[in-house]
Amino acid sequence: MLALPFPTPLRWLLPGLALLLAAAPAAQAQAPARIVTPFDADWRFLQQDAPTASQPTFDDAKWQAVAVPHDWSIAGTYDQAAPTGRGGGYLPSGVGWYRKRFALPETDRQRRVVIEFDGVMANSEVWLNGQKLGQRPYGYSSFAYDLTGKLNYGPGQPNVLAVRADNSVQPASRYYTGAGIYRHVRLLSLNPVHFAENGVYVATPQAGAAQATVRVQAEVQNQGAQAGTYVVETTVLDPAGKPVKTTQTSQPVAAGSTVVFTQEIAVPKPQRWGLRQPVLYKAVTRLRQANAVLDEQPTPFGIREAKVEAATGFWLNGENLKIKGVCLHHDAGALGAAVPLAAWERRLNLLKQVGVNAIRTAHNPVAPEFLDLCDRLGFLVLDETFDTWTAAKNNGEQGYNRFFTEWWRADTRDMVRRDRNHPSIVLYSVGNEIHDNLNDAAGFQKYKEQQDLVHQLDPTRPVTMALFRPGQSKVYENGFAEIMDVVGQNYRENELVAAHEAKPARKVIGTENTHALSAWLALRDKPFMAGQFLWTGFDYLGEADWPETTNNQGLFDRAGFWRPLGYQRQSWWAAQPVVHVVRREENAGAGPWVANWTPTDFDTYDDAKVQVYSNCDEVELFLNGKSLGTKPKPADDSPRAWDVTFAKGTLRAVARNKGKEVATDELRTAGAPAKVVLSTERPTLGTGWDDVAYVVARVVDANGVPCPNGTQQITFATSGPGRVVAVDNGDVRSHEAYQAGVRATYLGQCLAIVRASAPGSIAVQATAPGLAPGALTLAGK
């Protein structure tokens, strides 16, 4: 089984090996009910079209050996003339082929065999042994194909799976998509009677502090030749793994039919899932006939009550709180669209430091393991389907708008059925800034049909969409807003406030918001505002004008380095005491805000405009030990400002609450660059694909003060069972290769992303001309 550095996603577990140990002794002697085999290794790849590559006899011996997840576009070269254009970040597009050979035992001949893809970008077509299984235009959808009846079994009888991914028709997106099989793949071996795909649905219609009701709906699919009477048995396990209660339901299932079994289980004094304690229960649902266990599905879930009220906004488990969210695209900078779970964990932990408690999946379904992580870390999620319906958008004219009419129902259905067991999800969105006409019957119908489908699949959560310029679309006048469960609007916060105040029965949320103080105050001061989602949490690839390749509106840059926007937001959203000092980069208030005290030109820099971001009662600023004055916290949360005559040395801010020092920040003037220092948040590294370590290289002077100016070429090298898989520095104008061992510093720093290939220590070294090298060791496990 695939070794992961995190708790293994339960969809990957082999229930026959792990969870069937809890089944009846008679069931233990039989073959595993459900066998899940990771299918990521040993693929062959070709980055061009090969019209006959779907045939099993095709010779792929010269193709590149790869493992998936795999994004071939991020390995390419930036090109201003690339067909992807500003939306796709000027990176390559085209056709890519993947082929994989595998064998199955004879014992599988009597079983159902299914292949599951978490995402293929884009317009995928899949063949098995030369027979076409199907196609899927939307690269963000998870999908599956039944391989039964098309397989070879036994020794010497190989099978050939072929996948063609085509994103050559451009521009296909307003932001970077990636290319290829960029998410995980797995093979399922099932009994003929089994649970349907994503067919076990666990909800908590009652989630009080005294008692909760757990409702399980299990779809049993009989693909065998005989009817039978079957038993669905569900055991609820508490967060410690102890059984709470077991219930059984029996009914007949005819051959060729699917029957829903419904159960309700009372859980007294539940431990409820929340932001501070994201505790998870588990429902282990077994399908039995007599003493035989035919299938088994472990489903992690959270017991929690979430709702939006018109007058008071968002409530979780009886607590009225603000949704403090960010929008996130699905790429992770240098890693492209094939993102290891460790990269998401690093990003979410950084957002937690800011005070962020929610994620909007902008603007598409995310990888399923991302939602697992949100469940475990305690983030709320706004789960979104589409960026376009039928109307095209600029710089993405050849996108999903070409496929919406035919495919929206299948794509929505597959996302909601896959995601509905996650306690982190509190709201669905069926569109972002949709350009279709919402002021006619057709526009009403498109929205209503999507909302109705989501309600049918998951009646426990409300539905919204991110409205685009409602004043022009007339949705606040024509009745459209009244059919929405929750009214979501992008930007124009005062307009959304006015829309609620005109009709107080409307439930409202900001689905996309700027970093401006006025936007924050609209949330802070209006009880009915359920929350906001900032654009964005992290800089993302694409949606930028050359020579820039990256949209730079994040709290963090593409590499995950703090930006002043992140410091300011932390002073508004974090619970812990916060203080940060920034200055204008150029003299007399020109240039961007920077967090250093080392001007690029000491001769012309004397008038430093300084701001301090803090949530504390008072802040005192010192320059070289001399006080520049103390300032109280403004009622409107605006930054505290000083006009400072620059002098080399130390600028220090001291924050106090009730007269007691609770936080400090210090900027020091750097001398000449002297050495490279390395650091990492992940000193121990596992061997799974989803585990990587970010190793940060900073250039410092002889006293260890960071040197933010100039660029140094940093060369990374490793020894031991590991390698550098990507490098980055967060510079939105850099056109350097990501899959390399060398990177220039930007603002005095860059990083390497390291993956282990086997257990054992990995030595990482960073060198630069004229500087003392940096080194650290990653412990293997």
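A cavity here is a set of grid points where a 1.4 Å probe fits but cannot get out. Keep that in mind as you explore this predicted model.

**Exercise 1. Find how many cavities of 30 Å³ or more there are, and describe the largest.**

Step 1: Start with the count, which comes to 6 cavities of 30 Å³ or more.
Step 2: Turn to the largest cavity, which holds about 320 Å³ of space.

**Exercise 2. Describe the second largest cavity and its lining.**

Step 1: The second largest cavity has about 150 Å³ of space. Its lining is made of 18 residues, with R183, H330, V339, W344 and A367 closest to the centre.
Step 2: Check the elements: β22 (358-361) and α3 (368-377) each give at least two residues to this lining.
Step 3: By class, the lining of the second largest cavity has 12 nonpolar, 4 polar and 2 charged residues.

**Exercise 3. Decide whether helix α2 is largely enclosed, and name what its buried residues pack against.**

Step 1: Locate α2 at residues 341-354; its 14 residues reach 20 Å from first C-alpha to last, close to the 20 Å expected.
Step 2: Apply the cut-off for buried, under 20% relative accessible area. Among the residues that pass are W344, E345 and R346.
Step 3: Since 11 of the 14 residues are buried, α2 is largely enclosed by the rest of the structure.
Step 4: Those buried residues pack against β21 (323-328), β22, α3, α10 (564-573), β41 (693-700) and β45 (749-756).

How values were computed:
Residues are numbered from 1 along each chain as its sequence is written. This is a predicted model: local features need pLDDT of at least 70, side-chain atom pairs count only at pLDDT 80 or more; totals for chains, interfaces and linings use all residues. Side-chain values use heavy atoms; hydrogens and water are left out. On a 1 Å grid over the protein atoms alone, a cavity is a set of points where a 1.4 Å probe fits but cannot get out, and a pocket is an open set with protein on both sides within 12 Å along at least five of seven lines; lining residues have an atom within 4 Å of a point. Grid points are joined across faces, edges and corners, and a volume is the space filled by probe spheres set on the points. Helices (H or I, at least four residues) and strands (E, at least two) are DSSP runs, numbered from the N terminus. Ala, Val, Leu, Ile, Met, Phe, Trp, Tyr, Cys and Pro count as nonpolar, Asp, Glu, Lys and Arg as charged, and the others, Gly among them, as polar. The expected span of a helix is 1.5 Å times one less than its number of residues. Buried means under 20% relative accessible area, exposed over 50%, partly exposed in between (1.4 Å probe, protein chains only). Contact means heavy atoms within 4.5 Å.
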